[in-house]
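These are my notebook entries on one model. I looked up confidence, helix packing, pockets and one backbone angle, in that order.

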Amino acid sequence: MRSICESICAMHGAECEFEYTHEFSPTINWDECNETAIIAANNVVRVENTNSDCVPIMASEDFGKFIEEIPGCFVFLGSKDEDEEVIPLHNSHYDYNDAILETGAEFFAEIIKLCLAK
């Protein structure tokens, strides 16, 4: 990256300062938020449709930086149809399943209700 940036600048008679940092924050759910998300999911889509103990993944996610300071919980809403090919989110062929928008809205509304009841 440094070489590319310096070469582009050299082609145009410019200079550049280049600093690359490799900083990632793990996405670790806050326990209280995780518990609230599980209850909300159970209330909206029922216990049998909720996986509250999924396998941890080593994906890079911007959300990890946010929840270093602000309590939060990363969840998967289950947007994939069973017969659908798995296409990663940040892929030009990804097509969000609009059919779950209402379920997502109900889930977040349930979280708000639970938090206001505390």
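**Confidence**

What is the mean pLDDT of the protein, and what percentage of its residues reach 70 or more? I worked from a predicted model, and I read a mean pLDDT of 90, with 99% of the residues at 70 or more. I then compared elements: confidence is lowest in helix H3, residues 63–66, where the mean is 88. The highest confidence belongs to H4, at 97.

**Helix packing**

I next looked up how H2 packs with H4. The angle is about 125°, and the two axes lie 9 Å apart. H2 is therefore oblique to H4. I also noted the hand of the crossing of H2 and H4, which is right-handed.

**Largest pocket**

I turned to the open space in the model. The largest pocket holds about 1900 Å³. Its lining comprises 48 residues, and those closest to the centre are Phe74, Val75, Phe76, Leu77 and Gly78. Which elements give two or more residues to this lining? I found helix H2, spanning 31–45, and helix H4, spanning 101–117. H2 supplies the largest share, six residues. Sorted by class, the lining of the largest pocket has 26 nonpolar, 15 polar and seven charged residues.

**Second largest pocket**

I recorded about 190 Å³ of space for the second largest pocket. I listed its lining residues as Glu32, Cys33, Thr36, Ala37, Gly72, Cys73, Val75, Phe107, Phe108, Ile111, Cys115 and Lys118. H2 and H4 are the elements that give two or more residues to the lining of this pocket.

**Backbone angle**

Where is Arg46 found? I placed Arg46 in the loop between H2 and H3. The phi of Arg46 is near 80°, a positive value in a residue other than glycine. I flagged this angle because most residues other than glycine have a negative phi.

Technical notes
Residues numbered from 1 in each chain as written. Predicted model: local features only at pLDDT ≥ 70, side-chain atom pairs only at ≥ 80, totals over all residues. Heavy atoms only, no water. 1 Å grid on protein atoms, 1.4 Å probe; cavity = no way out; pocket = protein on both sides within 12 Å on 5 of 7 lines; lining within 4 Å. Points joined across faces, edges and corners; volume = space filled by probe spheres on them. Helix = DSSP H or I, 4+ residues; strand = E, 2+ residues; numbered from the N terminus. Nonpolar A, V, L, I, M, F, W, Y, C, P; charged D, E, K, R; others polar. pLDDT = per-residue confidence, 0-100. Axes fitted to C-alpha atoms, helices over the stretch in contact; angles between N-to-C directions. Parallel < 35°, antiparallel > 145°, perpendicular 65-115°, else oblique. Left-handed = near helix turned anticlockwise from the far one by under 90°.
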